Amino acid sequence: EEEEEADEEETEDLGHADTYTCRIILTYSGLKFRNHNTAYFDYNSISGLQRTVQNNKKGSSCPLGKGRTVAGIILESFLKGRKRALWFSVSNDLKYDAERDLRDIDAPNIPVFALNKIKYGDMATSEGVLFATYSALIGESQAGGQHRTRLKQILDWCKPNFDGVIVFDECHKAKNATSTKMGKAVLDLQNKLPRARVVYASATGASEPKNMIYMSRLGIWGQGTPFKTFDDFLHAIEKRGVGAMEIVAMDMKVSGMYIARQLSFSGVSFRIEEITLDEQFKLVYNKAARLVRETQTATLGLASRKSLWGQFWSSHQRFFKYLCIAAKVRRLVEIAYTELQQGKCIVIGLQSTGEARTREVLDENDGHLDRFVSASLRVLKESSEVILCVFSAKLEELKLRLLGKIAELGKELPLNTLDELIDRFGGPEKVSEMTGRKGRVVRRPDSSVRYETRAEQGLSIDHVNIREKERFMTGEKLIAIISEAASSGISLQADKRVQNRRRRVHMTLELPWSADRAIQQFGRTHRSNQVTAPEYIFLISELAGERRFASIVAKRLESLGALTHGDRRATESRDLSQYNFENKYGTKALDKITKAILRQIDNKVPPPKGYPGGDIMFFRGNCFPVSYIFVFKKCMQTDWLSFIPYIPDCSITKFLNRILGMEVHHQNSLFQYFTDNFDYLINKDKKEGKYDMGILDLAPGNDEIHEETQEKFLTPGNPQEGQVILYKISVDRGMPWEEACSKAEKLTGDYEGFYLSNKLRGNQPCVLLAEQGRGRNFILYKPNIGKQAHPENLDNLLLRYYKVTPDEAKDFWESQFVFSFTNCTHANWKGKCKMIEQGQECFLGMRLRQYHMLCGALLRVWKRVSDIVSDITNSSILQIVRLKTKQNSKQVGELMFCYVTSQPCLIIAVNRKLANEKHMQQEMLAKMI
């Protein structure tokens with residue numbers, strides 16, 4: 001019993017608290033740039049930007065976002081005599097935004113030239129900002145001449161020894177720097193202008209470590225760094241997961257090369273709307289699933305070319321994704337009309353417009369169209385034709401029969417989602433469509449259906465989206481639908497400067513394939529200078545297969561938050577984190593369920609309850625679907641188990657993709673079994689201390705955190721900014737009597753209040769305060785540890801303690817509170833401690849807890865510290881923690897150990913390693929002098 005109580009009191013005081021929020025007006029001062037030789041250029045605040053901030057304080061409507069910060073950097077460069085700057089972005093239309101940003105900081109005299117308006121041979125402009133898109137970097141002239149390429153034209157304009165600013169705005173566009181011409185051109189430009197000051201600006205700089213390759217000027221990898229090449233850096237980061245990404249962001253901030261700001265999420269609501277499928281839709285979906293499987297099964301052994309099956313599975317995924325989207329349209333329209341009645345306006349996020357399928361039908365009918373098109377039917381025909389093309393003349397009858405079934409099913413398949421939404425909301429007169437398509441199918445007043453172009457009189461198709469945006473922002477239209485084409489740069493928030501200041505309800509009907517696209521789309525309605533924060537609604541159907549699309553975004557959102565803010569929770573994706581299955585736990589869970597279903601192992605996790613026929617029918621019923629997902633055989637057999645000894649290609653991506661092709665009840669039950677195993681593996685690792693929890697808060701909710709000592713070390717290569725600081729932190733976790741009494745006065749439950757233990761500990765009983773938790777569980781507070789980490793069951797509480805009045809508890813509480821400040825639990829219970837008598841230290845149950853934290857440029861010493869920790873603790877996991885001290889000092893770093901749970905030799909080993917390097921640096925410096 002004593003051991004159990006001791007364990008309860010010594011649970012690590014780590015947890016999740018809300019993100020520290022403070023309103024930052026200006027974070028520009030102190031920004032540093034690193035040139036090719038890894039020297040720093042220190043930039044201070046500038047007068048134009050300061051005037052903007054002052055105007056904001058006086059109530060001006062000018063926001064201070066990413067664009068104004070970039071404009072401020074360019075203005076300062078001009079004031080210092082560097083009269084040329086390059087500004088790259090994703091769209092030529094954003095040139096007007098760049099001019100607006102310069103005007104807003106009182107720098108209207110800096111000219112901005114659009115590269116697309118300048119001929120290849122013309123470079124008459126001498127000073128100013130050259131604005132270009134990323135696609136312009138790979139532009140070529142067919143006429144030849146001196147400036148045959150845009151890249152050469154830019155380099156000639158910059159002239160040799162160019163030391164101005166290069167701004168890569170929306171720099172995530174260059175993330176595939178090794179595989180695309182555009183990405184390679186971004187790297188090439190940086191290499192050929194080694195003296196330039198480079199700024200990378202984006203809301204989604206990198207959603208994965210591999211996407212950082214274009215940031216070659218950060219100095220994280222290369223000569224004089226811990227990583228000789230980018231591949232070395234990438235391998236080290238990916239090996240250690242999201243925690244390593246958090247360290248990268250922290251190291252960049254400490255080094256002064258990085259600013260990451262985030263709008264407050266105050267007032268933003270975020271919810272996931274789970275949509276139940278109606279029975280009619282389930283029937284259609286199940287028919288489609290059976291027909292697709294019948295088509296596939298008919299061609300087993302006939303279509304052996306890998307490329308054919310690749311096309312089939314690609315179309316298979318698109319087809320069922322269209323069905324998933326269609327399942328949510330009815331509920332979306334209901335929610336939208338409810339929100340409109342409450343005085344709000346609607347923004348709907350889509351990715352696919354279905355225009356390609358509409359154009360196909362239009363071409364087949366010589367430019368005439370009198371009906372809405374079903375994009376899902378077109379994709380189903382495409383996927384079927386891909387593999388049915390291998391049929392010989394003998395099987396022509398089977399082929400025609402299958403095509404006939406597809407045509408019959410097409411009568412029940414849903415219409416193109418975008419056209420259906422616009423039609424349900426009252427037509428184009430009611431909806432602002434901001435997409436990339438050139439035409440659409442609409443219903444006319446006489447109820448006839450026609451295809452029409454989106455272009456308007458006097459406007460080119462390129463300016464239609466801008467015009468539609470204006471109609472939405474003025475309130476002429478209260479519903480907007482945006483696709484990926486309108487997801488970068490466009491502002492749809494409830495801006496103080498526009499007429500339509502209704503609260504935005506941003507509904508995501510179709511999740512993007514990547515997190516950076518998701519963040520870009522969410523950022524259209526949550527921006528600076530807004531009157532009200534938006535509401536976000538994620539619509540996800542009950543189809544288990546749709547979790548596949550949420551899984552992609554959830555995984556990327558976590559790593560994006562870690563890379564850009566040093567905290568995987570920074571993207572506010574916690575509600576989506578439940579859908580992140582693309583990790584080692586997902587792979588292990590999938591391996592377990594496939595082997596369990598194929599009767600190769602006995603699984604501790606039981607199958608889902610309520611399956612028709614019980615557990616036996618669950619395993620038997622899912623045998624064929626699992627084989628359908630992973631295995632192809634030339635022969636068909638009734639007993640699939642007779643020829644499936646092992647699943648060779650058990651990838652989580654394939655499972656999540658292909659589970660869509662199963663009937664609704666099959667995919668939901670199989671996916672439930674998968675998630676049960678997934679949760680079991682995570683909980684198992686949590687109990688064993690192997691689970692990476694990300695950045696945790698040290699003593700969340702405790703104000704008594706004090707910094708005792710700090711020791712500074714300089715890392716090789718960067719003597720000024722490369723400091724690593726070893727902090728000794730003390731946490732007073734006790735609860736004084738005044739605080740306990742104040743809490744007790746608010747408790748009204750029959751079993752809430754103060755308790756004393758039945759058994760004496762030493763010469764007095766233990767005392768605690770009990771507060772009602774969930775069900776029959778109670779939250780306990782003790783004088784020496786404050787709030788106990790784990791709740792206590794009421795039956796156990798009454799077995800060991802009896803309730804008393806506050807007056808009866810007071811003396812015992814105050815006595816134990818004072819005694820535990822300098823004495824351990826053993827001394828309290830037994831009057832002495834064996835460890836103390838043997839000359840050792842014991843901190844068990846003490847109010848005061850001590851920790852050591854490594855902060856600063858951790859990336860440079862991370863591997864060495866990790867190796868030492870691994871040697872001593874047999875674990876390479878370095879826990880990242882953050883805290884706020886009593887003196888309001890905020891620290892983020894690696895928790896080295898707590899005196900209670902680890903050996904002091906760990907901190908001694910780390911200390912010795914850092915001290916040795918410090919001594920070596922001093923010797924090298926002396927030799928240089």
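The tour goes from a strand to ring pairs and then to charges over rings.

This is a predicted model, in which local features need pLDDT of at least 70, side-chain atom pairs count only at pLDDT 80 or more, and totals for chains, interfaces and linings use all residues. Residues are numbered from 1 along each chain as its sequence is written, and side-chain values use heavy atoms, with hydrogens and water left out.

Select residues 535-541, strand β16. Strands are DSSP E runs of at least two residues and helices are H or I runs of at least four, both numbered from the N terminus. Seven of the seven residues in β16 are buried (under 20% relative accessible area, 1.4 Å probe, protein chains only). Glu535, Ile537, Leu539 and Ser541 point one way; Tyr536, Phe538 and Ile540 point the other.

Strands pair if DSSP finds at least two bridges between them. Find Glu274: its bridge partner in β16 is Ile540.

Now the rings. Phe, Tyr and Trp (its six-membered ring) pair if their centres lie within 6.5 Å; planes under 30 degrees apart are stacked, over 60 edge-to-face, the rest tilted. The count is 20 aromatic pairs. Select Phe671 and Phe674: a tilted pair, 5.7 Å centre to centre, with 45 degrees between the planes. Both are buried.

Next, select Phe754 and Trp813, an edge-to-face pair at 5.8 Å and 85 degrees. Phe754 lies in β20 and Trp813 in α26, 59 residues apart.

Finish at Arg847: its charged end sits over the ring of Phe817, 3.7 Å from the centre (the rule: NZ of Lys or CZ of Arg within 6 Å of the ring centre and within 35 degrees of the ring normal).

Terms used: Buried < 20%, exposed > 50% of the residue type's maximum accessible area, 1.4 Å probe, protein only.
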